[in-house]
Amino acid sequence: MLQGLEWISTHQQMIYMVILMIFVGIEVISRVPSVLHTPLMSGANAIHGVVIIGAIIVMGKAQEGNIFALVLGFVAVILGTLNVVGGFVVTDRMLEMFKKKK
Amino acid sequence: MQNILPLIYLIASVTFILGLKMLSSPATARRGNLIAAGGMSIAILGTIFLYTDENGNTLHNHLWIFGGLLIGGVVGTLAAKKVKMTSMPEMVSIFNGMGGACAALISIIEFNEIHRNIHISGTMDPAAFFASTDGTHLLIILLGLIIGSVSFAGSIIAWGKLNGRLKDIVFKGQHVVNILVLILIVSLSAHILIARPADTPLYFYSVVVLSLVYGILFVWPIGGADMPVVISLLNSFTGVAAACGGFLYDNKVMLTGGILVGAAGTLLTILMCKAMNRSLQNVLIGSFGKKPAEGSGTQVAGGSYKEISVSDAAMVMTYANKVMIVPGYGLAVAQAQHVCHDLEKLLESKGVDVRYAIHPVAGRMPGHMNVLLAEADVSYDKLLEMEAANDEFRTVDVVLVLGANDVVNPAAKSDPSSPIYGMPILEVEEAKSVIVNKRSMKPGYAGIENQLFFQPKTSMLFGDAKKALQDLVTEIKSL
């Protein structure tokens, strides 16, 4: 019990952020028309590519001789970039189609 | 200098929120996507050059990082530029899987770092060492690992199912196996966190394998037409996995971006289900109950239907005043959107008024049909949304249904015992005549008969949508 309380108080900033972000995430897309479901999903997909930042940190911290971290980190950077770049480009292509018709 | 990075992260977080907000309105969507992409770019560059750890060390291995960015960037751009519009859902699934795998790899590397420290410290025995590891740190590593792996494996299976490489496999007791695997994952993780055994690495890598297995088992039995919902769900999983990374490195932009997508993705999943008038639970475990329901056979099979030849269909449509095209899943699969546009132009040149009636869930994903028809240069004002179309069917001479089934099934309105009862449909039976193009009389995704096909005003034009449309175009030209 006391441990739990202590955990909450040391991590309270993070906890606040998580709770607020959940509400922001829901609020922000709550009125999306179904026409935009596919592009929105694709755009959100690109945004969670922010995981690439973790991959960059892991890669940048890896020690010279640590082949395991170097190789897996390198793969993680490639995969994360695929997620980000591919995600944004695909979304843009979808939305470009909509716009041309104006 | 090190105060600049938090500012960059703050700006990036705001662009993610703004971008998502703008993506949900047609007028601003494209700009929203670009703004989020811009925020992501500065966050990535800022991390590479300005990041310092708690001891003030900057990142190294820049060559490796830029190499990875270059490879991923080039491959990602090429894949995204080359993919056909009809294969969009698969592509999104693959990219989502990559993000999940990235999150899982980060966890594996971080765990390996902890493990390596044993050898470096040398003196401590493994059990005492793991016991001294920070519990929160371990928990976050495990969470990122499990969610990321499930998302990765699930996305790959979803990709395989969407492009037809993987067939449905349903075996008895499948959901029991799934639950057992899940329980095993949770208890192994709990064992790592609570008991801190000396052979923790063994347990850890078992969790990796089991999570991958769970991802596969979880997605495989779900029907192909429900994959968009599953991809959207896995999308929000990856968001949560990315947020775990945010906890791990105390990195605010990863945390906000990840949680934002986790929450928005969950809501989007629910909205998609609603558009199809189904519950999420029904989508996820519905496949298990389907088999016996079909066997009990409560449906009324409908008597006789009549077929129409291509030349008759061409004739009827050419001499109509108003034709309404109802495109569906079949059109998307056959990639017939371009030839469909050709048919429309041809009919218009003969003085026929041609419109499209778009059901909200037509195509392979909600909203997908609008993207497909836009790609084929179909003019925006020719597309009618469901309510507008339903007001007009009464004045339509011929409705051409292209590979759509459940979304035009009158049972959704008239038969309370039907599984799709209550789903909003296109009321095509209001029109004077209906031509239905399908590959066969097989029921649609919901697995139920469609009374529409047996009505006197309906005639069937069998064949692949693309082939049938091409034949129609040739036929009308020769009239």
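Q: What should I know about the model and the numbering before I start?
A: This is a predicted model, in which local features need pLDDT of at least 70, side-chain atom pairs count only at pLDDT 80 or more, and totals for chains, interfaces and linings use all residues. Residues are numbered from 1 along each chain as its sequence is written, while chains are lettered from A and ligands numbered from 1 in the order in which they are written.

Q: How many helices and strands does chain B have?
A: Helices (H or I, at least four residues) and strands (E, at least two) are DSSP runs, numbered from the N terminus. Chain B has 18 helices and 6 strands. Its C-alpha atoms fill a box of roughly 90 × 55 × 30 Å along the principal axes.

Q: How is burial read, and what share of chain B counts as buried?
A: A residue is buried if 20 or more other C-beta atoms lie within 10 Å of its own, exposed if 12 or fewer, and partly exposed in between, with C-beta atoms placed from the backbone. In chain B, 49% of the 479 residues count as buried.

Q: What is a nonpolar core, and which residues have the most contacts inside the largest one?
A: The term covers a set of buried Ala, Val, Leu, Ile, Met, Phe, Trp, Tyr and Cys residues joined through C-beta atoms within 7 Å. The largest such core here has 187 residues, and B:C102, B:V326 and B:V399 have the most contacts inside it. Helix α5 (residues 67-100) of chain A gives the most to this core, with 16 residues.

Q: Which residues does B:V399 contact beyond its neighbours in sequence?
A: Two residues are in contact if their C-beta atoms, placed from the backbone, lie within 7 Å. Leaving out neighbours within four places in sequence, B:V399 contacts B:M324, B:V326, B:F393, B:V428, B:A431 and B:V434. For chain B, among contacts between residues at least 6 apart in sequence, 78% join residues at least 24 apart.

Q: How do I read the packing of two helices?
A: Two packed helices are described by the angle between their axes and the distance between the axes. Axes are lines fitted to C-alpha atoms, for helices over the stretch in contact, and angles run from 0 to 180 degrees between N-to-C directions. In chain B, the axes of α4 (residues 88-121) and α6 (residues 135-162) come within 7 Å and cross at roughly 155°. α4(B) is therefore roughly antiparallel to α6(B); angles under 35 degrees count as roughly parallel, over 145 as roughly antiparallel, 65 to 115 as roughly perpendicular and the rest as oblique. The residues of this contact are 15 nonpolar, 10 polar and 2 charged. For these classes, Ala, Val, Leu, Ile, Met, Phe, Trp, Tyr, Cys and Pro count as nonpolar, Asp, Glu, Lys and Arg as charged, and the others, Gly among them, as polar.

Q: How does α3(A) pack with α4(B)?
A: Helix α3 (residues 37-47) of chain A and α4(B) pack at about 20°, with their axes 10 Å apart. The angle makes α3(A) roughly parallel to α4(B). A:T38, A:M41, A:S42 and A:N45 of α3(A) meet B:M88, B:V92, B:F95 and B:N96 of α4(B). These residues divide into 4 nonpolar, 4 polar and no charged.

Q: How many residues make the whole contact between the chains?
A: Chain B supplies 92 residues and chain A 74 residues. On the side of chain B that touches chain A, α10(B) gives the most, with 18 residues. That side has 57 nonpolar, 29 polar and 6 charged residues.

Q: Where do positive phi values occur outside glycine, and are those residues buried or exposed?
A: Phi of B:N61 is near 60°, and this residue is in the loop between α2 and α3 of chain B. B:N61 is buried, with 22 other C-beta atoms within 10 Å. Phi of B:D250 is near 50°, in the loop between α9 and α10 of chain B. B:D250 is exposed because 12 other C-beta atoms lie within 10 Å.
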